[in-house]
Amino acid sequence: MTQRPADNTANAPKISFVSLGCPKALVDSEHIITRLRAEGYELVKSHAGADAVIVNTCGFLDSAKAESLAAIGAALEENGKVIVTGCMGAEAQTIRAAHPNVLSISGPQAFETVMDAVHEAIAPAHDPFFDLLPAQGIKLTPRHYAYLKISEGCSNRCSFCIIPHLRGDLVSRPAGDILREAEKLVGAGVKELLIISQDTGAYGRDISYAESRFADRTVRAKFIDLMRELGELGIWVRLHYVYPYPHIDEVIELMVEGKILPYLDIPFQHASPKVLRAMRRPGDQVKTLERIKSWRSLCPDLTLRSTFIVGFPGEAEDDFAMLLDWLGEARLDHVGAFKYEPVEGAAANDLGLPSVPPDVQESRYRRFMERQRAISTQRLKQKVGRHMQVIIDRAGSRQAEGRSKADAPEIDGKVRVTSHRPLRVGEIVSVKIDSADAYDLSGTAV
Ligand code: SF4
């Protein structure tokens, strides 16, 4: 039997990692970290103690770019050897202008470029122990939930968005690959899978719904087929970033059957047909209201999350009033809003529409969030007295914190749980809801 040194990381080269941006960027970070660990690099928390720093940037909004530049600056100051990757990497000249001394700049998913830069900055350990690597790869999320990316890029051309420019058109993964990754994650203890992509409902379109092998069968790269397979894993499966295509209606049946969580994250962005047209988004929000009604009549527990942009160029007061009315009708469960930012390179900047002044944007944002707060408070109140399944995210001896099926991690509400026995992270418990506030619930484990 081969003997291993007691401490195989003592002399390992050390990398400190900053991961900024959305869950899709987080999945890229996981890929890079998996590669680093596979090659024997150790991850450390402080820049000062590292041999090099990797900053995975976000370039979606100007505020995100500023945050990325600040993170690069801090890493340069504390360490000096900085490798930049991610969405903002598409703007190498902006990064070089602010920080000329970074070692390398690459765009999203440029894993080879990042690894080449790492090798140049600090050579890998001589004899990495490949079997230190868990089969499911390294996850940056807690052990009980994981993001599963089913495709990259986007073939839509929303006028405010530069993601297709940064990440390219839709590229779907073969269904068999996704299902194998999902199975590994479940085997490693994951209880909840969060399905992500830029455009989840478009899955498979680019590869003509190609078939691939999984276990003893053939699976089509079709949204509904993939969901049906994932629904057989016996865990929570939550859908994010679903563009409101007509075929989304099919997945509601799987939710009614309890195979997929009754949760849909659909970025509606606005309600005024005029603004939606300028955004190049699907424009019939009256029909969308009818669809929401029919989804809810089939699946009364359906939770809807969405995001909206207020203050888009050309948004007049009556467009905004239409949005508020629509919100009042739709009664969504979770809503996020952004004030429009003219991202460099976005088509919306060239539409010739008048921009909305910052003070008007601010006041519309506040009015929008107030309206949603009232809706959320009312919807949560209706849950008091009910029994719900709650997945525990944070354990304590008598007080724990978790989420119901209606809440995605990081972005939605939480359930504070009182229990007469200690609860474990990742455990799913039945909780009687005792009270509610605007965003969170409190209850007792039964
Ligand atoms: S659907 Fe629109 S907003 Fe979403 S990534 Fe594609 S282009 Fe951007």
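What distance separates the centres of domain 1 and domain 3, taken over C-alpha atoms? In this predicted model, the separation is 35 Å.

## Domain division

The chain is divided into three parts: domain 1 covers residues 14-129, domain 2 covers 145-381 and domain 3 covers 387-445. The sections below describe a sheet, a ligand shell, several loop residues and a barrel.

## The open parallel sheet

An open sheet is built from 5 strands in the order S2-S1-S3-S4-S5, and its pairing is parallel. Strand S2 (42-44) and strand S5 (104-105) form the edges, each pairing on one side only. Strand S1 (residues 14-19) is paired with strand S3 (residues 52-57) in the parallel sense through 5 bridges; within this pair, Ser-19 lies opposite Asn-56 of S3. S3 is in turn joined to S4 by 5 bridges, again with the strands running parallel, and Ile-54 has Ile-83 in S4 as its bridge partner.

Two helices are placed against these strands. Helix H2 (residues 62-78) lies across S1, S3 and strand S4 (82-86), and runs at about 180° to S3. Helix H4 (residues 111-121) packs on the sheet and touches S1, S3, S4 and S5, its direction making about 175° with that of S4.

## Burial of strand S4

How many of the residues of S4 are buried? The strand is mostly covered, with 5 of its 5 residues buried. In a regular strand, side chains alternate between the two faces of the sheet. Both faces of S4 are covered: Val-82, Val-84 and Gly-86 are buried on one side, and Ile-83 and Thr-85 are buried on the other.

## The ligand shell

Which residues are found around the ligand? They are Cys-154, Asn-156, Arg-157, Cys-158, Cys-161, Ile-163, Pro-164, Gln-198, Asp-199 and Tyr-243. By class, the shell divides into 6 nonpolar, 2 polar and 2 charged residues.

## Loop residues with positive phi

Most residues other than glycine have a negative phi. Tyr-241 has a positive phi, near 55°, although the residue is not glycine. Tyr-241 is located in the loop between strand S12 (236-239) and helix H8 (249-256). Is Tyr-241 buried or exposed? Tyr-241 counts as buried because 20 C-beta neighbours lie inside 10 Å, and the cut-off for burial is 20 or more.

Arg-331 also has a positive phi, in this case near 45°, in a residue other than glycine. Its place is in the loop between helix H11 (317-330) and strand S15 (334-339). Arg-331 counts as partly exposed because 14 C-beta neighbours lie inside 10 Å, a count between the limits of 12 or fewer for exposed and 20 or more for buried.

## The loop at Gly-283

Gly-283 is situated in the loop between helix H9 (273-279) and helix H10 (285-298). With 18 other C-beta atoms within 10 Å, Gly-283 is partly exposed. The C-alpha atoms of Gly-283 and Ser-272 are 7.7 Å apart, while the two residues are 11 residues apart along the chain.

## The closed barrel

A barrel is closed by 5 strands in the order S16-S17-S18-S20-S19, with mixed pairing. From one strand to the next, the twist averages 50°. Strand S16 (residues 387-394) and strand S19 (residues 428-436) run antiparallel and are joined by 5 bridges. Within this pair, Gln-389 has Ser-430 of S19 as its bridge partner, and His-387 is partnered by Lys-432 in S19.

S19 also pairs with strand S20 (residues 441-445), in the antiparallel sense and over 5 bridges. Val-431 stands opposite Ala-445 in S20.

Key: Residues are numbered from 1 along each chain as its sequence is written. This is a predicted model: local features need pLDDT of at least 70, side-chain atom pairs count only at pLDDT 80 or more; totals for chains, interfaces and linings use all residues. Domain bounds come from an automatic or database domain assignment. A residue is near a molecule or strand if its C-beta atom, placed from the backbone, lies within 6 Å of it. Ala, Val, Leu, Ile, Met, Phe, Trp, Tyr, Cys and Pro count as nonpolar, Asp, Glu, Lys and Arg as charged, and the others, Gly among them, as polar. Two strands pair if DSSP finds at least two bridges between them. Helices (H or I, at least four residues) and strands (E, at least two) are DSSP runs, numbered from the N terminus. Axes are lines fitted to C-alpha atoms, for helices over the stretch in contact, and angles run from 0 to 180 degrees between N-to-C directions. Two residues are in contact if their C-beta atoms, placed from the backbone, lie within 7 Å.
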